[in-house]
Amino acid sequence: MSWQQQAACRTEDPELFFPVGQSGTAKLQAEQARRVCAQCPVKESCLNDALAAGDTSGVWGGTTEDERRAIRRRDGRRRSAAGRPGGRDGR
């Protein structure tokens, strides 16, 4: 069984998870979507898939577009630091 079949959003209107803009009604819509995600048993799988696929729009795994961009930047810096001599991998 895929994580999508267990997702809390499977019975919600998909449009809820794709607000247009970042203020006013769109901000309220994103918060409503995030409340659905907060109750989801497969939230981490959803987020991991969105990060792996490079999804740049909508709410996935309880995160907004900006939050996923920040995660990607942070993870990229960690990988970069780990590959340098004296980095996190102990070289």
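A pocket is found on a 1 Å grid over the protein atoms alone, as an open set of points where a 1.4 Å probe fits, with protein on both sides within 12 Å along at least five of seven lines; its lining residues have an atom within 4 Å of a point. Grid points are joined across faces, edges and corners, and a volume is the space filled by probe spheres set on the points. The model is predicted: local features need pLDDT of at least 70, side-chain atom pairs count only at pLDDT 80 or more, and totals for chains, interfaces and linings use all residues. Residues are numbered from 1 along each chain as its sequence is written, and side-chain values use heavy atoms, with hydrogens and water left out.

Helices here are DSSP runs (H or I, at least four residues), numbered from the N terminus. Helices α1 (25-38) and α3 (65-83) each supply at least two residues of this lining, and α1 gives the most, with five residues.

The largest pocket holds about 290 Å³ of space. Among its 17 lining residues, Trp3, Cys9, Phe17, Cys46 and Trp60 lie nearest the centre.

**Nonpolar cores**

In soluble globular proteins, nonpolar side chains tend to be buried together. A nonpolar core is a set of buried Ala, Val, Leu, Ile, Met, Phe, Trp, Tyr and Cys residues joined through side-chain atoms within 4.5 Å. Buried means under 20% relative accessible area, exposed over 50%, and partly exposed in between (1.4 Å probe, protein chains only). The largest core has seven residues: Leu16, Phe17, Ala30, Ala33, Val36, Cys37 and Val59. Within four places in sequence neighbours are left aside, and Ala33 is then in contact (heavy atoms within 4.5 Å) with Leu16, Phe17 and Val59. Another core, of five residues, lies apart from the largest one and includes Trp3, Cys40, Val42 and Cys46.

**Cysteines**

How many disulfides does a search of the whole structure find? The search finds zero, a disulfide being a pair of cysteine sulfur atoms within 2.5 Å. The closest cysteine sulfur to that of Cys9 is in Cys40, 6.1 Å away, which is too far for a bond. Cys37 is likewise in no disulfide, and the nearest cysteine sulfur, that of Cys46, is 6.1 Å away. Cys9 is partly exposed at 32% relative accessible area, whereas Cys37 is buried at 10%.

**Single residues**

Gln29 is found in helix α1. Not counting residues up to four places away in sequence, Gln29 touches Glu15, Leu16, Phe17, Phe18 and Pro19. Gln29 and Leu16 are 13 residues apart along the chain, and their C-alpha atoms are separated by 6.2 Å.

Ser57 is found in the loop between α2 (43-53) and α3 and is partly exposed, with 37% relative accessibility. Leaving aside neighbours within four places in sequence, Ser57 is in contact with Phe18, Glu65 and Arg68.

Arg78, in helix α3, is partly exposed, with a relative accessible area of 40%.
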